[in-house]
Amino acid sequence: MSSRRPKIGVYVCHCGINIGSVVDVPAVVEYASSLPGVAIAREYTYMCSDPGQNLVKEDIKTSGLNRVIVASCSPRMHEPTFRKTLKEAGLNPYFLEMANIREQCSWVHEDHAEATEKAKKLVEAAVAKALVLEALEEKEVDVIPSCLVIGAGIAGIQAALDIADAGFKVYVVEKTPSVGGHMSQLDKTFPTLDCSACILTPKMVDVANHPNIELMTYSQVEAVEGYVGNFKATIRKKARYVDVSKCTGCGVCAENCRLAGRIPSEFDENIGMRSAIYLPFPQAVPAKYTIDPERCLQLSKGKCGKEGPACAEACTAGAVNFEQEDELVDIECGTIIVATGYDVFDAARKPEYAWSDYANVITGLEFERLVSASGPTGGKPLLGRDKKGEGGYLPQKVAFIHCVGSRDKSVGNEYCSRVCCMYLAKQAHLIRDKLPEADITVYYMDVRAFGKGFEEFYDRVRREGVRYVRGNPSEVFKKNADPEDHTLIVKVEDTLTAQALEAEHDMVVLGVGLEPRHDVREIIDLFKLSQSTDGFFMEAHPKLRPVDTASDGIFLAGCCQGPKDIPDTVAQAKGAASSALILIASGKVNVEAQVSFVTSSECRGCGFCVEVCPFGAIELVDENRMGNIVKVALVNEALCKGCGSCAAACLSGAIQPRSFKDEQILPQIAVLGVRT
Amino acid sequence: MVDETILREKAREVLARDDVRRLIGWKRGTYGYESAPAVLKDASQADELIFDPTCVQNPASFITLEEKLPVPRGQDPDTRKVAVLVKGCDSRAVVQQLVEKAYTRDGVIVLGVPCTGVVDRRKAQKMFGDTSEPVMIKEEGDKFVFIIDGETREGPRAELLADKCVRCRFPNPLVYDELVADEVAVWGADEFADVDEFEKMSPPEKWKFWEEQFSKCIRCYSCRNVCPMCYCLECVVTKQKPQWTRRSTDVSENTAYHIQRAWHLSGRCIECGECERVCPVDIPITTLNRKMTRDVKELFSYEPGVDVEAEPLLSCYNPQDPEEYIM
């Protein structure tokens, strides 16, 4: 086909009035028909419509076109559409070239005459490239029918359950000793006030017991290689120092631990205490104890009391094993779902709210543990307890502050965290519930009650006597130095009455936002993901491919992609699961044909392409050049996305993306560079 | 001052090693004011080596030039190391080649030669005329002492030093396994006075200047061949698909060639001056390169060939890089 003389069809799209109202489409068509190699030039209102596509197909069949140029929108939009058209008409789909006269022309120019001239140039450049296009063959690869889910919060759990229920193997890797994630820390959920644990724990148990799910808690993905359909992952199962096959979860070890009640519990946001050998929370799954190697005296100091470790002695099952070592497990999977979740904003980064200084300034997540029936205070919002967790007082004047670490350029987070408005409303409700006499004030910038039942709930909370003051507090400080007096002053301007207030409270809850995880870089490096400007993982398309990533076969679920509430997280997890299932169930996948290729005779094996490749698609391999063994780059075509980073980095010009070779781009530049 | 006996002794030791294939250095030239590069394979040849102000060549150019000949059936390829003698300026080429991963550090043995400056052939010819016999040069205080055709002549050091030596900031090698003499004190500084001077010309004057220079070019590619940083397996000037520059020697294609070479050396040129030295028609090639060097230094705070740990300028991306010149 490529040996035949190019016979080009040019199709100029009006895109309704998107292009047609600025660019003189008939003039572009007339110009195009005068260009060398162009056999047919036509215009149509909507090229992407069925009749528009049929126009192309008919011409290919009747006039023997062998190159097609569609002058319309961005190739990101409709290149796949028209490639399909060519394929259906029996032409190699890579004989398509698109001229973007919408995003890069009609939408950005006001001068109609100049826009038309530019559109002509863009079409002419496309013709110049079409003359040297080559047929490319797509490859089909098998998909291993399994999925690796990273993170076992509600997103990971839901995605894993859906795929497992469809009958396919799922590996779930969770970093902490228990599944559950942040949702297991929450008390009630807005706006329905379901008990978080009640709706989550059954799913946690399911994920552990499902015959198709292999759950690996206290484990981390160490390395990932391969490509869509054929990933290989190495997982480090960290040593728990407890034999999980023997541990019955009775808890005698923790009671006997010499450090019992002396180590702040991460699960309880450091409000409660745990032992060095611990179960993060009573409903943890698996219900197996873990020794914290950094805190355990035996493991960190090599010595625990005079008689040796008390936990080991107390364990009747003989499950404690200080000799245990990390274990590396290799797995193969066809798809990956990243559901690594989020971190809450570190309130210490807003020093004006004095979270680090005063015990009665707490974050929203600390509040959840404080009011949780399974929390360290048994659900009573007690503040100022002593080291043993006794004593304390109940607050009478409670303040809630919105947007702490969200919508705030000063801390680098411009985005809205989407959950704080509602969780603070819920927490205000919980305080009202537990302390009917308390005075409750919420300081807000805006209340974004956008979801199903949200506005109704917000209204209900206000009717319960919660005062909403519109203002962003500038400072929180203690009224006086008396340690017995817990009164805090919240300095704020009520922007609706333009009054400066100094309101007294004895408890301040900070509505901390959601942030990308602190270890997000590691995950990016591992899976070659990209970040949006807010730091969360970037989806392949913000609207049409919200769970896909730029790497085929890797999907996103939950807050790792951006802040969201539980229903949205579950919905996205189900979306990610179904996207993964499409690949798994069909068993085959076509990989991109516009990939990079190496001219190995020009490659000197420096490996800069390997370093810059965002997809890990290039490796250096040995090549035998007449007996001399040299290193040359080799592209894994299943992994390559044709982004061209390698071509930019290559000092010798030995690696280039197909369809974007120098000899294909230069004629385009030559056309654009000529003045008319 | 380098003691040639010690230099030869060290070279002999290295050449005697089982894991060394060859040693690159300098030997007496066949005529005129320059030495010749020496590629030695055997310890017995070590006495050929010299080091004096005639040793202007950059031996680092040869490290990457070796052709990989077919290995006869049944034999293993020769993977032994290459040893090289380098002056301070030459060592920058080794550094940059290592940065660009042209070879591994393990693959070369670098013998560092602290240098107090070499003689510019053209300046000497002007002062003393040409000769068909090899000239001996010695440095004595602020003079160079020449033995030309058996006759002893003298000339002031400042007037005979190569330009690169006048502004030399790195007389001592930046990378080496062993030094063959004690380090010397730094005497030079580089404020890019030559570039400043050149930039005083107006654009039409500059254009006229370069048009004149490039119209002389015979496209012998000596500048490319001698350049230690020009070691691509296939040079862009010989590529046919696409053909970036035509082969004809007219001023337009010559200009394209020289601009292309300057761009390809931006952030890579280590200013050894070899290109200009070998030019048979005396084109001031380093002026172009030094303009690029200064721009790279000002825009990206990057200086090639000084840090083995650095990344190549054009293969790394920093979000803080200035972009004013793009838009």
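## Terms and a helix of chain A

Helices (H or I, at least four residues) and strands (E, at least two) are DSSP runs, numbered from the N terminus. The expected span of a helix is 1.5 Å times one less than its number of residues. The model is predicted, and local features need pLDDT of at least 70, side-chain atom pairs count only at pLDDT 80 or more, while totals for chains, interfaces and linings use all residues. Residues are numbered from 1 along each chain as its sequence is written, and chains are lettered from A and ligands numbered from 1 in the order in which they are written.

Helix 5 of chain A covers residues 112–130. From its first C-alpha to its last, this 19-residue helix reaches 27 Å, close to the 27 Å expected at 1.5 Å a residue. A residue is buried if 20 or more other C-beta atoms lie within 10 Å of its own, exposed if 12 or fewer, and partly exposed in between, with C-beta atoms placed from the backbone. By that count, 15 of the 19 residues of helix 5 of chain A are buried, and the helix is mostly covered.

## Nonpolar cores

A nonpolar core is a set of buried Ala, Val, Leu, Ile, Met, Phe, Trp, Tyr and Cys residues joined through C-beta atoms within 7 Å. The largest one has 154 residues, and those touching the most other members include Cys147(A), Ala159(A), Val172(A) and Val338(A). Helix 12 of chain A (residues 420–434) gives the most to this core, 9 residues. Domain 2 (342–515) and domain 3 (596–658) of chain A each supply at least three residues to this core; domain bounds come from an automatic or database domain assignment.

Two residues are in contact if their C-beta atoms, placed from the backbone, lie within 7 Å. Apart from neighbours within four places in sequence, Val338(A) has contacts that include Ile150(A), Phe527(A), Leu556(A) and Cys560(A). A second, separate core holds 68 residues, among them Val94(B), Val119(B), Cys165(B) and Cys223(B).

## Chain B and its domains

Chain B has 11 helices and 8 strands. Its radius of gyration (taken over C-alpha atoms) is 20 Å, close to the 20 Å that the globule rule gives for 327 residues, so chain B is as compact as a globular protein of that length. The globule rule is 2.2 Å times the number of residues to the power 0.38. Of the 327 residues of chain B, 38% count as buried.

Chain B divides into domain 1 (4–66 + 81–179) and domain 2 (193–315). Their C-alpha centres lie 24 Å apart. Where they meet, 21 residues of domain 1 of chain B are in contact with 18 residues of domain 2 of chain B. Helix 2 of chain B provides the largest share of the domain 1 side, 9 residues.

## Where the chains meet

The contact between the chains takes 14 residues from chain B and 19 residues from chain A. On the chain B side, 8 are nonpolar, 1 is polar and 5 are charged. Here Ala, Val, Leu, Ile, Met, Phe, Trp, Tyr, Cys and Pro count as nonpolar, Asp, Glu, Lys and Arg as charged, and the others, Gly among them, as polar.

Pro77(B) lies in the loop between strand 2 (36–40) and strand 3 (81–86) of chain B. Not counting residues up to four places away in sequence, Pro77(B) touches Gly627(A), Asn628(A), Ile629(A) and Val71(B). With 16 C-beta neighbours inside 10 Å, Pro77(B) counts as partly exposed.
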